[in-house]
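Here's a quick walk through one model, with the cut-offs spelled out as they come up. Have the viewer open while you read.

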Amino acid sequence: MDRKSIVSGAVVMAIGAITLHQIGGLELGDTARMGPGFFPAMLSGVLISLGVGIVASSLRTSRNQSESGGPEEVTSPRTATTKLVIVLCAIASFAFLIGRLGLIPSMAVSIGISTLASQNRDLKRTLILVVTVPLVSLVIFRYGLGLSIPVFAWKP
Amino acid sequence: MDLLSQIAIGISIAFSVEALVYCTIGVLLGVLIGVLPGFGPVAAISLLLPITFYLSPAIALIMLAGVYYGSNYGGSTAAILLNLPGTAASAVTCLDGYPLARQGKAGVALFITTIASFVGSFLCIFLVGSFAPFLAEFALSFSAVEYTSIVVVGLVAAATIGTGSILKSLAAVTVGLLLGVVGTDINSGLYRLTFGMRELNEGVNLVALAMGIFGVSELIANLVNPDLKSERPARVTLRSLLPSRDELKRSLAPMLRGTGIGAGFGLLPGTGTAISSFVAYGIERRVSRNGRKFGTGQVEGVAAPEAANNAASLSAFIPTLTLGIPGDAVMAIMLGALLIHGVVPGPFLINDTPEIFWALIVSFLIGNVILVVLNPMLIGLWVRILSVPFDWLFPIVLALICIGAYSVSMMPFHVMTVVFFGLVGYGMLVFGFQAAPLLLGFILGPILEENLRRALLLSRGDWYVFVDRPISLSFLALALGLLLWSQLQRKAN
């Protein structure tokens, strides 16, 4: 039993089911005159069938043959998840702060958070990055490309 | 307007100062990103997409194309110097390129790569220029029925490349199609799948999606599995750059063979440049006199795949531009970029806006010349960049992603979209789903729906029409054939 495939198949089916639910109110119409709900409903059906197929095929393959679809796991799953979360938080923090604090502060915070994901912590490197990257971004995007992103702001 | 004046206009655009500047920037950026292990041409183009918004469609395409083949070259450079392919297609170049480098002939390998790439692109340009308008003429006779079928072929082809499970790739395609549905329905004006979020009324943003699924997930993957650099980069002196006469002579035929193979494979929707390189290498090994010594540093083993992947990159533009069916993820993003600029790929592209088409073709030539001229001088720079630790690089890339996503429409929502798809992309990587089919589904979704609806409207709900019309039938048969063939291939492995 290939656990990854079972989870994959379940997720695929779930996506199909959620979609079906979300287009609940939309008219399906008939084949000749497709309503707004027709295409997505059709796709949901396809997805659910594919999900079933994925689960079914995983039940057939034996343990030895389980496919290696993912990258080879060099680091532990916990470290991997931590890094994943750090990177995503770094980007999310930018999204959260850019409107409130402007380009420089939000970029600095974002970079700062991202350096936490490095294998070996280096305070000097972090400081250099936190200071120079926002400035370089400012030059490239504001002056180089003419984007009017506020540099500093205060709208908490 | 006759053909010659169209070409003339294209030439004038391609040689304009603006075009030359952006072409050079694109090529250099492309090589830079291609050299960096862990970031392929797809990530590179996704990251640079926002910058192209402020350019006219022709210039934007020229720059993105420059990034594309620049990154192919960069990937080969990394393959030769470090035995670390920067792109999937350059994995083959490692086989004979790296041994050459270890023998102190890194310069020779790089030089042959440059020449082979140039030859591949140059010859293919004529192919594209002559074949594409012809194909566009033919495609003008397509109705919605044929379009639906050919989109199906493209989607199936997308699902069958790569090595993962076909079911999973088909699921990825379908999810991509559904993502394409998100937004406002053209016909009814109703919101579909927007989950009540106003920002989704215009649909999922392509740039955010591409950056998240390709850029962020690759970034995280590289962080999680740090690249183990095998050896120190081989030294490259200027004198070692030039190959011997014999080596040049031996490379000529492989280059030509590689070009032919690449041109052929690039044309087929769904097959990417990687396959062309592998096939070219395999064939060259069987055909060449030194075939048995491949793997020890034979120039033929570098010349053939390099010519092939450049030829394939170029001829992949043919189905993308003339039919609107992208061959791989890179082409899909190019298509998306065109759509963003309001240019609709398809047979009408060549007819309505021939200057874009010809400007692009001519710029291929210019870009490759720039590559040939600039790269020998910059190799030292690339080598130095290769030794910058990833811990310095990834925050910079992160910053690029953040600002790029934000700059699309100054909405933090799109940055959060990147976060969401970064998670999705990484999840797909871990569970063995391919991301490229999803992107293709996303881009082709609206096209598929519109044509399907129109086809069924015209046939009054009769599905039989898809097999009744011969062209459509052959496309669908092709799709089925692709499915069966790749299923057999997987069983054989």
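## Ground rules

Patches here are built from residues with over 30% relative accessible area and no salt bridge, joining like charges within 9 Å and nonpolar side chains (Val, Leu, Ile, Met, Phe, Trp, Tyr) within 5 Å. A salt bridge is a side-chain nitrogen of Lys or Arg within 4 Å of a carboxyl oxygen of Asp or Glu. Accessible areas come from Shrake-Rupley with a 1.4 Å probe, and for residues only the protein chains shown count as cover.

This is a predicted model, where local features need pLDDT of at least 70 and side-chain atom pairs count only at pLDDT 80 or more, while totals for chains, interfaces and linings use all residues. Residues are numbered from 1 along each chain as its sequence is written, chains are lettered from A and ligands numbered from 1 in the order written, and side-chain values use heavy atoms, leaving out hydrogens and water.

## The greasy patch on chain B

F122(B), L123(B), F126(B), L252(B), L256(B), L365(B), V369(B), V373(B) and M377(B) make a nonpolar surface patch of about 810 Å². Helix 5 (91-139), helix 9 (245-267) and helix 15 (354-386) of chain B each give two or more residues to it; helices are DSSP runs of H or I with at least four residues, strands are runs of E with at least two, and both are numbered from the N terminus. Helix 15 of chain B gives the most, with four residues.

L123(B) sits in helix 5 of chain B. Its relative accessibility is 36%, so L123(B) counts as partly exposed (buried is under 20%, exposed over 50%, partly exposed in between, with a 1.4 Å probe and protein chains only).

## Helix 8, mostly tucked away

Helix 8 of chain B (residues 206-224) bends by about 35° at G212(B), the angle being taken between axes fitted to the seven residues ending there and the seven starting there. Of its 19 residues, 18 are buried, so helix 8 of chain B is largely enclosed by the rest of the structure. At its start, a side-chain oxygen of N205(B) comes within 3.0 Å of the backbone nitrogen of V207(B).

## Two positive phi values

F195(B) is not a glycine, yet has a positive phi of about 55°. F195(B) lies in the loop between strand 2 (191-192) and helix 8 of chain B, and is partly exposed at 48% relative accessible area.

R460(B), also not a glycine, has a positive phi near 55°. R460(B) is in the loop between helix 18 (436-458) and helix 19 (465-468) of chain B, and counts as exposed at 73% relative accessibility.

Conventions:
A polar contact is a pair of N or O atoms within 3.5 Å; within protein, one must be able to donate a hydrogen and the other to accept it, and residues adjacent in sequence count only if both atoms are side-chain atoms.
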